[in-house]
Amino acid sequence: MTSRQKAWGLQALALIGAGAVLAFFAVNAVGNLAARGMVLDYGFLWQRAGFDIPFHLVAWEPSFTYGHALFVAGVNTAFASVLCIALASALGLVLALMRLSGNLLAGGVARVLVEVIRNTPQLTQVVFFYLAVLAVLPPMRQSLSMGGVAFLNVRGLYVPAPTDGPWDTIALATLGVVLVAAVLWRRLGMMVPRLFVLPAVLVAGLALAGWTAGWDVPVLKGFNFVGGVRLPPEVVALVLGISIYTSAFIAEALRAAIQGVHRGQGEAARSLGLTGGQTMFLVVLPQAMRLLVPPLTSQYLNIIKSTTLGAAIAYPEILQIFARTVLNQSGRAIEVMTLVLGVFLAVNLLVSALMNAWNRRLALSGR
Amino acid sequence: MTMIGTMLHRATQLGLATAALLAMGVGMAQAQLAAPPGPTAEAIKKRGVLNCGVDTGVPGFAFQDNAGKWKGLDIDYCRAIAAAVLGDPEKVKYVPTTAAARFTVLQSGEIDVLIRDSTLTFSRSTQLGLDEVAVNFYAGQGFLVRKALGVSKAADLQGATICVITGATLELNIADFARSTGAKIGTLLFDKPDEAVAAMEAGRCDGYTDDSGSLAGMRSTLKVPNDWMVLPELISKEPLGIHARSGDPRWQKILFWVDTMLKSGEEYGVTQANVDQMKTSKDPFVLRLVGVEGDFGKQLGLDNEWSYRAIKAVGNYGEIYDRHFGPKALDLPRGLNNLWNKGGMHYTLPLR
Amino acid sequence: MIRHPFLRALVGTRLNLALTVVMLALLAWVVPPLYGWLLGHAVWEAPNRAGCAAAGSGACWAFIRARFALFFYGIYPEPERWRVDLGFVLLLAAGLVALRGRGGAKLVALFAAVIAIDAVLLVGGVFGLPFVPTAQWGGLMLNVVISAIAIAGALPLGIALAFGRRSTYPIIRLGSIAFIEFWRGVPLLTVLFMGLILLPMFLPNGMTVDNLVRALVVMTLFEGAYMAETIRGGLQGVPPGQSEAARALGMHEGQVRMKVVLPQALRLSIPGIINIAVDLFKDTTLVSIVGLFDLMGVVTQSLKDTSWSGLAAEGYTFAAIVFFLSCLVISLAGTVLERRFAVAHR
């Protein structure tokens, strides 16, 4: 009983302590704001933004509000994050397997790559990839033309954009059906492997959507191509820079996790007649996941936060649009920074919660 | 199911904690104007050092030389103020501030004065509780473009993409300019000029925009400077100057008159070299300027040698300008930054 | 038939042969121009950028030479720089002792002592050493100081939080989770901004905290949260049989944790901890946004000097090389540690 009381006393003390610190900060902030004649006010979110966002996946006009700009920039951040997480995971697995392959050249190359990548600042790498991408692409007037409908140059990749017609409904419906079917395939009692059916459904649906749409083809007019959609080189550089950087860390975490699996496991698998590949993918990797998930979560969260490096190479993400442009225009430092912190916190908590759920499932099934 | 349940439960708890924190922030909203903070000049004298907010590095205005010593037009202003108030131009603590942080550190009292190539705008003046006491550099936003584009004025930039440094009024000016002229000008926002210029040279954008003071220096650092030209026209007014918190009029008066003394020095021919001889001048304006006659210093709560020391430390405004923007430095014509009687904008109040 | 194992690994199979050819072609394409710029046509002595351009077409290393001391010490007063050197040597020596991979508690005491001595050395104001305000610290020295102190603080914090997250007491557990998830959920740049720029708003009027101290606190808390997750991963990797056996031997809960579970968990976490240390070292470049001039900040700053502006490639190449070498040292030390502990175990 006493130890139980002591435990609760300890916890209560911790709670009071944390509360006191927070209250102290809050009281001071109120006093300081008052003393300086500043008013905390989020009303600026409904003011006209007036600036251009050069790359946006959802609609944007300078006449929209600051609040809308936060949403547009948030979508850009999410877009880059998703691409980076997919690419970094794949590259990380490749690097880790290269290092563990026992092949002299592959192992050596992976080792050197990992060392170089993780030992130079990430920002330097992102800028390097940006300048490299820009150096490789041809200038405006010498664009690579693909059949006269798509163009590649230093300003980006221009492709025709679907304009009107029921294409978006058809495309979304196809995507939805395929996703649901992929998840529930077995429960639906399907006999054919889903890999044979679903890609075909997807292609057919998208082709139908494309056929019903009108197409806006990019044309060179004045300084720039007009019309179509454009994938700017900033996206490519940012995704390359962050993915390659993070893949080195994922590779190391993966290697540590694989080596953390008891050696007897691999030996037992091989003595049962499994091949090297089977041993790795069916026996070792599943067990390694248990050790891998916590550091992998950290790396994924890192990726989401690293997208803020886009501010250095003109990729319009939350930090650039909100913590730079909007903060500067409105001068509302505390309001803007609390919003940026809040958005990142919310997204990362969600990702973290999902990864922790996965971790818990692994830990339970493992034993 | 239970797993998702626990997860949601946990997420809710965390969410509640976050919401509580944010709510505390919103709760601070009720605030009103209160008594101003104590006299800044007294605090500086007691401390023995002037906390001067400057740029983290911009050619001509504030940069460090090979030995790490701060140089530049804004730096000379900090030194002049320290010489006037504390009697020693070296007694300055330079606080490098980023564009995002500059006004916040001034508001929070970490610096006494902000001299950082900054423009005061209506909203900054009313919402941030700051005043621009004096203007030490009249700039305007200009464009650097590739000659091959065949553009001769800013209005020709219809459809062009311009590389811009974020965190200043630059991007907003472009948007306003485009709106007023009906031209559609795309912008590409960078954190630092190095990447912006590299992208421009690679052809990612058609030009670069910045204050006229910086553009001249920027062009000379390009790989082939002759491929590029600065458009003659400026699309904005950027009166860069000395910023102070509202609410300490005495401190603002000191800052204002130090600036006036530096400019008057040029007008009356008082230089760093001849300021001692000028003590025996026959011109009553000069005698007041170097503190031989009158008690201007005392009226500001300083001693009468204050303006003498400022000029002795950094020279008059013309000398400061020449040191950093003259033919031997960035080579930017004086233009608006000349005295009023030489076709410029610097028109000072009379010393009497 | 190729017999030699080295050759066989390069040209033995068709895949290896192709890889080798591709690598050689790549090297032939990249190396000559790179060599020309880096060394071949480089200029080592010139008064300014114009002088460099006149003397050769390669890199202008004269720029780096002219500001070399600035890159390493910032504006730390010249006659006092021996203190920085001595402090660094002490830290390095302690690191070498740690590499032997033995003596847990003694090592902790050694590092604590070295950090205390270094703090006195660098700050001064006692024992006849002149006081050097942190505003004058800068360059690579600042990167080293921040990472050393932050890692020293983050490790115990991370251990406490990792155990806290597994605690059976709900408030401790939820508190740990909230703390970890908050710090992992926000970009370092934004919390640094909050801590350095907005902190005065959250403190009593007139109270100030040294800028460097603020950066240190933020970095320590931030990296502590990451450390906690890495160590938690290690804790999960320790078989439950270990603590059950220890309990069966009559150890009490504290002993089980500190003597049985923690050492094994830390051994498993070494690669992760090294990752964090390397990450932290590079993250220290972010402090330049809040007005502290670390190596990267000094490089950026130096480009604003009109006699050198436009030499970004040289400046950032130099910084990248310095960071690469520094991080490589940490990385290699980690590999050695990993191996030492692995041998001890298996």
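The model is predicted: local features need pLDDT of at least 70 and side-chain atom pairs count only at pLDDT 80 or more, whereas totals for chains, interfaces and linings use all residues. Residues are numbered from 1 along each chain as its sequence is written, and chains are lettered from A and ligands numbered from 1 in the order in which they are written.

Two bridges join β8(B) to strand β10 (residues 207-211) of chain B, and the two run parallel. Pairing requires that DSSP find at least two bridges between the strands. With strand β9 (residues 186-190) of chain B, β8(B) pairs over five bridges, also in the parallel sense; there B:Gly186 is the bridge partner of B:Thr161. Five of the five residues of β8(B) are buried, so the strand is largely enclosed by the rest of the structure. A residue is buried if 20 or more other C-beta atoms lie within 10 Å of its own, exposed if 12 or fewer, and partly exposed in between, with C-beta atoms placed from the backbone. In a regular strand the side chains alternate between the two faces of the sheet. In β8(B), B:Thr161, B:Cys163 and B:Ile165 are on one side and B:Ile162 and B:Val164 on the other, and both faces are covered.

Helix α12 (residues 306-314) of chain B has eight of its nine residues buried and is therefore largely enclosed by the rest of the structure. The buried residues include B:Trp306, B:Tyr308 and B:Arg309. They pack against α3 (73-86), α9 (249-267), α10 (284-289), α11 (296-299) and α13 (317-325) of chain B. Just after α12(B), B:Gly315 takes a positive phi of about 85°.

Chain B as a whole has 13 helices and 12 strands, and 51% of its 352 residues are buried. Of its contacts (C-beta atoms, placed from the backbone, within 7 Å) between residues at least 6 apart in sequence, 70% join residues at least 24 apart.

The contact between chains C and A takes 47 residues from chain C and 50 residues from chain A. Elements giving two or more residues to the chain C side include α2 (14-40), α11 (211-237) and α15 (312-345) of chain C.

Technical notes: Helices (H or I, at least four residues) and strands (E, at least two) are DSSP runs, numbered from the N terminus. Two residues are in contact if their C-beta atoms, placed from the backbone, lie within 7 Å.
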